[in-house]
Amino acid sequence: MAVEEKEEKQVSPGVEPPAEPIEEVPILTVRDTVVFPGALAPITVGRPASVALVQSLGENRTLAVVSQLDPRIDAPGPEDLYRIGTICVLHKAIRVPRDNLLLFCEGVARIRIREFSAREPFLKAKVERFADIEPAMTPELEALRQNVVSLFQQIVSASPNLSDDLATTAENIAEPGRLADWVSGTVPSLSPAERQKLLEQLDPQARLNEVHRHLTRELELLELRGRIQSQVQGQLSQSQREFYLREQVKAIQKELGEGDDSNRDIEELRQKLEAAGMTEEVKTEAMRELNRLGRISPASPEYGVSRTYLEWMASLPWGNSSGSQVDVKRAAEILDQDHYDLEKVKDRILDYLAVLQLRPVLKGPILCFVGPPGVGKTSLGKSIARALGRKFARISMGGMHDEAEIRGHRRTYIGALPGQIIHALRRAGTNDPVFMLDEVDKLGRDFHGDPASALLEVLDPEQNFTFRDNYLDVPFDLSKVLFITTANVLDPVPDALRDRMEVIALQGYTEQEKVIIAFRYLIPRQTAENGLDAGDNIHFSDESVRFLIRRYTREAGVRNLEREIGTVCRKQARRIAEGKPEKMEVTPEVVERELGAPRFHTDTEIAERTRRPGVAVGLAWTPVGGDILFIEAGRMPGGSKGLIMTGQLGPVMQESVQAALTWVRGNAAHYGIDPELFKSSDIHIHVPAGAIPKDGPSAGVTMAAALVSMLTGRLLRANLAMTGEITLTGQVLPVGGIKEKVLAAKRGGVHEVILPFENEVNVREDLKTEHIADMKIDFVKTAEEAMGLALEPKS
């Protein structure tokens, strides 16, 4: 076919080509599609307005293709379109699935929309065409054209998706403007916005310059992709494929200078980190990790690890304090409301608060509450927090055997998290809570590490202002935290850890104190928890509570007492639920009916068991308070074993037995004991309750009393108990746990107690008058004095 050649009009570079007369044409709106003059483009349409436009075309199949500003808009109006588009001729329309049409349109010329003349059923506008006038060819323009052709040919040869015929076609296009349009519609890497910008460039030479810049960038990217591919060649495996792709993306972003700082999640994290109140050192580390996160692909496993770390950093109370004012008077009222007695503990706490009120910047002390279960150690910590107006945090150390529970795991481990200290501080939401470490005497230790050693830094005011959790790996200030630890016994606590704590002992309660605690705290709490009204549904008499204490509980605290009170309350709740709303008057008879037979017979047990010679009553200290201990001595004529000891006695207690026997043999003549008895008899020392291990240094004088009673046939005085260590010379040495032992004797119905002389100061300071009311306490320096007080006169 012969093509008629038209004489080309030439214009100077930078001058806008003249526009042809205005005409009215229908407007076909498209998403992310730009049609250049001279290009044949397939366009799929499905919107009702677009289908109506195609169906309205008659023989004049001319229309204008204009791209949307925002491709997400389904029904664009005039304000949603670019003003520059392309006038096209529709060659063919094919119906495709889902009622869509596939159009084959050929671009004719650029147009500018002057005004819209119709909106329904589709857009129409008055437009002006721009004549396709090529600039005068100069050496510079020819060199630019050749460069564009050369770059395009290199891109075609490096891109497997582009046909080699495209390079020949580009070489045969001599006009700069037409070459720019053809290359712009062919290169797949151009974005819709970049194509629209090239369409709006009316100057052919400027348009060719812009195309040259894009081709140069595309060729650099292709070369970079080739370098990356050559670097990782031979190292790919199924598990490394994703890593390779991520490295490609990072390398491309680096070459283009494009980052992901506008990412919404990263910006939110940045704002949280800025508002967290971190120190400069911590903030620097957090921002370094945040910048690293911005360079990691969200598909990478490292992304989740880094993001979790930053979320932890942003959620910690770096600078958030309670800010409450200390009021010593109000604190004293709260402590008195929540706890009865415990005067020493309250005085120490109020001393600390008084100093804190005068000097707000004060490193918190490390208090350690030591006492048997049920005496109020944990609840006292809650009351301190309420009195201070601070949050309360608590973790249990019982059974903890891994130091990572304290310090956290390093981030190199899968599933690593901070330790319990940081966890509790995040839950509290402040950096100065009252922090209770429960059961520090029950810390474990194995190959994972020693948690007690990890606590040394936490509980040292000279070190904990730079506490460094392994997971966070930045210092966190713990100096504002008021740490309180609890323990039943101090013996298992390492010396170094004990040295960092101020020990405050909480001994057991007397019967009268338990009665007051029951009526003031336990009964109201249990009636409320079981849905009862203390005034209308149930009433406990004083005698019933004392009966519960004496016959159903034998403890230093009040935990079992509250449990038994709750059982009686539940019995009444059941009666009310069954339609029997009569008020229950709780008496000792009602208690026995509801709880069954009494578990302890303290009033007669000691008297009954000491009716025969050789039985002495000792006093022992246990982790749950004091207790009475029966020691029995027996003699078997004609034996050959010498001394027999049973009852699971520990090594220290066995030595006490041997020391007591040596003293008795050395003083046999004084008590009228035949020395030949020791040669011709076996002596048996037994401590009942053989299933329970027993040990300790305070039973020597009791062992001696049991032996003297058995060998002389003299009874020991009824309702008398004793404690004290004995030496071979008969000295009675002081022992510990005096308050617990005296209270245990009082609970057991003992009327007289023999104690070492040097323990008189403990009785005077630790025991109140009501503690030892109706009891006689004798202080002795020697075993002879103890025997004189303990043995009945010779019959």
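This is a predicted model: local features need pLDDT of at least 70, side-chain atom pairs count only at pLDDT 80 or more; totals for chains, interfaces and linings use all residues.
Residues are numbered from 1 along each chain as its sequence is written, and side-chain values use heavy atoms, with hydrogens and water left out.

The protein chain holds 28 helices and 26 strands, where helices (H or I, at least four residues) and strands (E, at least two) are DSSP runs numbered from the N terminus. Its radius of gyration, taken over C-alpha atoms, is 47 Å, whereas a compact globule of 795 residues would have one near 28 Å, by the rule of 2.2 Å times the number of residues to the power 0.38. Along the principal axes, the C-alpha atoms fill a box of roughly 155 × 65 × 55 Å.

Of the 795 residues in the protein chain, 48% are buried, a word that here means under 20% relative accessible area, with exposed meaning over 50% and partly exposed in between (1.4 Å probe, protein chains only).

Helix α11, residues 328-338, shows how burial can be arranged, with Ala331, Ala332, Ile334 and Leu335 as its buried residues. Seen down the axis of α11, these fall within an arc of 165°, so they line one face of the helix; the arc is that of the directions from the helix axis to the C-beta atoms. The face turned away from the buried side of α11 carries the exposed residues Lys329, Glu333 and Gln337. What covers the buried residues of α11 includes α12 (343-358) and α13 (377-388), judged by contact, meaning heavy atoms within 4.5 Å.
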